[in-house]
Amino acid sequence: MRVLIDYRPALRHPSGAGEYTYQLATALLAMALTDGGGTLDLTLFSSSWKDRLTPAPELSGAAIVDCRVPVRALNFAWHRLEWPPIEWLTGRAFDVVHSSHPLLLPARRAAQVVTIHDLHFLAHPEHTRAEVRRDYPALVRGHARRAARILVPSAFTAGEVVRHLDVDRQRIAICPPGAPPWAPRDAPMDGGYLLFFSTLEPRKNVAGLLDAYERLLGSAAGRAPVTEGERGAIPDLVLAGRASAQAQPWLDRLTRAPLAGRVRHLGYVDPADRQALYAGARLLVMPSFDEGFGIPVLEAMACGVPVVAAARGALPEVLDGAGTLVDPDDPADIAAGISRVLNDAGYAERCVGRGLARARAFTWAGTARAVEGAYRGAVAERLAGAPTGRR
């Protein structure tokens, strides 16, 4: 089976979608090797004017097509003109072409597969930019209905795709990410910091987290400040992740009392440094308004770090009782959830144990098997002339 994956999200400073693309390609190649080879012929496609695709050793089994074409120019041609077909651009034929985002890659004969990590861009296009704002909300419904398969990371996202895009549920494959192969840290941190790890953007509820942290410091309106000793018992807050264009007001807050000196922003964290970042944390807090999965929650559980997360989107599904759920609209509830983990050692230990067990349910080998099954179903229906995915 000849498969092309759009590798562009993993090219430079990859976030969740880029990490998923890289890990999926690696797992597909590993699966092909264990099957004796020959079952999967994988090509990774890249297009950029300045960034070149230099595959890591674990991707050496894939063919590489690296076009020096500006990303925005190619996206405009693909999204708006549905040209050029990938076969023309690469000079190769494929059975499956897999887009790492919600819009199809143009193809003459290949079955077209897309990944939809979430539909936040549909509910809040004002939080997006560039071609995501220009094209995704306007085109995603039509593209989803024409896709041979839609890959999603969670049952929650599958339901959102059915509800908002009017897609047949049978054409959706749930392919969650795998947990990292990390050994749990030796013991919970007595010191450490509170960790938020994600892009600083509106849906991540950074403002609500900062409000909750101020409450922990005793500085919220209507409350008397705590003593210096009590303040010292509250761990510092670390914000890790790239700052979006909307992040400046939150970053400005970090320079003023009471957050100055207690909250710091690390910026983008290289994948090689993630495990150490988690290992130094007392807990992970993820108070997002919307998540299609929430990879940091899975990574924290795999490392043995207790989690406080919003009772929203896919986060309750991913945690599945292994952590603390809070109301993201209520900073007091976020603060209470953090305080419980900090002050109840037995409860925190139980969360760690449940999280480790939960993380073991997610493997990239399982992801690869699910994705390959979706590919084969897409090819079979393509050959049989199956109708589109509209209900």
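Guide: Gladly! This is a predicted model, and the protein has 15 helices and 13 strands.

Visitor: What makes the radius of gyration agree with that of a compact globule?

Guide: For 391 residues, a compact globule would have a radius of gyration near 21 Å, and the protein has 22 Å, so the two agree. Along the principal axes, the C-alpha atoms fill a box of roughly 70 × 40 × 40 Å.

Visitor: Why is H101 called buried?

Guide: Buried means under 20% relative accessible area. H101 has 12% relative accessibility, so this residue counts as buried. Across the protein, 55% of the 391 residues count as buried.

Visitor: Where does H101 lie, and which residues does H101 touch?

Guide: H101 lies in the loop between β4 (96-99) and β5 (111-115). Leaving aside residues up to four places away in sequence, H101 touches D6, R8, H79, V114, T115 and Y136. A contact here means heavy atoms within 4.5 Å.

Visitor: And for the whole protein, what share of the contacts with a separation of 6 or more comes from residues 24 or more positions apart?

Guide: Such pairs account for 65% of those contacts.

Visitor: What can you tell me about the surface and the charges?

Guide: The accessible surface of the protein comes to about 16600 Å², and carbon and sulfur atoms hold 52% of that area. As for charge, the protein has 45 positive and 41 negative charges, and their mean positions are 5 Å apart.

Terms used:
Residues numbered from 1 in each chain as written. Predicted model: local features only at pLDDT ≥ 70, side-chain atom pairs only at ≥ 80, totals over all residues. Heavy atoms only, no water. Helix = DSSP H or I, 4+ residues; strand = E, 2+ residues; numbered from the N terminus. Buried < 20%, exposed > 50% of the residue type's maximum accessible area, 1.4 Å probe, protein only. Rg over C-alpha atoms; globule rule 2.2 N^0.38 Å. Areas by Shrake-Rupley, 256 points an atom, 1.4 Å probe, with all protein chains shown as cover. Lys, Arg positive; Asp, Glu negative; His and termini not counted. Charge placed at Lys NZ, Arg CZ, Asp CG, Glu CD.
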